[in-house]
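Q: I have a model open and want to learn how to read it. Where do we begin?

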Amino acid sequence: MSILKVARMGHPVLRTPARAVDAAEIRTAAFQKLIDDMIETMHEYEGIGLAAPQVHESVRLFVAGVEGDEHPLPLVAVINPEITPIGAAVVEDWEGCLSIPDIRGKVPRRDRVKLRAIDREGRRMEMTISGYGARVLQHETDHLDGVLFFDRMTSFETLTFLEEYGRYWSRTEVPAE
Ligand code: ZN
């Protein structure tokens, strides 16, 4: 496995809508290695989500995993995701992004969503999730459409460097996605 280079904000790949993954492609050694490398890269940088465009691969794939939350998200590789909001509730919470290093900001997101996608074995998967796990799924799916979390903020007042975040906003670090 290898640790991949992460594209930073300003790289056009982050603003390019990614192409859908073909079913036949999923089982290939190259695609399976990409998934393993993305998981290793996400863990190396202590992230909780990483989308393929963030590692310069413009395909509809992301990996994510949230531990210890009220609504944990098991480590998953998600291919060709479709997200449907459930209910109207919107919550604001802190986000970070591995492509926007050392910045945090509060982003409104749907509180509860249903995810339909394909897993790394090529099987259909479906998941309904609330809270931070739902937030991560929305953040990663946005990456596949060329959308960054700044685009979802309704005010930039909470935009904060990580050091100031730790000093003035919280003792708990918000991981990046
Ligand atoms: Zn991100």
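A: This is a predicted model.

Q: How many bridges join E6 to E7?

A: Seven, and the two strands run antiparallel.

Q: How do I read a nonpolar core?

A: The largest nonpolar core has 22 residues; Leu 73 and Leu 137 touch the most other members. Strands E2 (61–66), E3 (73–85), E6 (112–118) and E7 (124–130), together with H3, each give two or more residues. H3 gives the most, with five.

Q: What is Leu 137 in contact with, beyond its neighbours within four places in sequence?

A: Its partners are Phe 62, Leu 73, Ile 83, Val 113, Leu 115, Met 127 and Ile 129. Another core, of 19 residues, lies apart from this one; Val 6, Phe 31, Val 55 and Val 59 are among its members.

Q: Now the other sheet. What is its strand order?

A: Three strands form an open sheet, E4-E5-E8, with antiparallel pairing. E4 and strand E8 (160–161) each have a single partner strand, so one side of each has no neighbour in the sheet. Two bridges join strand E5 (residues 100–110) to E8. Arg 104 has Thr 160 in E8 as its bridge partner. Helix H3 (residues 131–144) lies across E4 and E5, at about 60 degrees to E4.

Q: How do I read the metal site? Which atoms coordinate the zinc ion?

A: List the donors, then check the angles. The zinc ion is coordinated by Cys 97 (SG), His 139 (NE2), His 143 (NE2) and Glu 177 (O), at 2.0 to 2.5 Å. Their spacing along the chain is C-x41-H-x3-H-x33-E.

Q: Why is the arrangement irregular?

A: Because the four donor atoms subtend angles of 91 to 136 degrees around the zinc ion. A tetrahedral label needs all angles between 85 and 135 degrees.

Q: What does the pair Cys 97 and Glu 177 tie together?

A: Cys 97 lies in strand E4 (residues 90–97) and Glu 177 in the segment after helix H5 (162–169), so the pair links parts 80 residues apart in sequence. Both Cys 97 and Glu 177 are buried.

Methods
Residues numbered from 1 in each chain as written. Predicted model: local features only at pLDDT ≥ 70, side-chain atom pairs only at ≥ 80, totals over all residues. Heavy atoms only, no water. Donors = N, O, S within 2.8 Å, 3.2 Å for Na, K, Ca; no water. Tetrahedral: all angles 85-135°; square planar, octahedral: opposite > 155°, others 65-115°. Helix = DSSP H or I, 4+ residues; strand = E, 2+ residues; numbered from the N terminus. Buried < 20%, exposed > 50% of the residue type's maximum accessible area, 1.4 Å probe, protein only. Pairing = 2+ DSSP bridges. Contact = heavy atoms within 4.5 Å. Axes fitted to C-alpha atoms, helices over the stretch in contact; angles between N-to-C directions. Core = buried A, V, L, I, M, F, W, Y, C linked by side-chain atoms within 4.5 Å.
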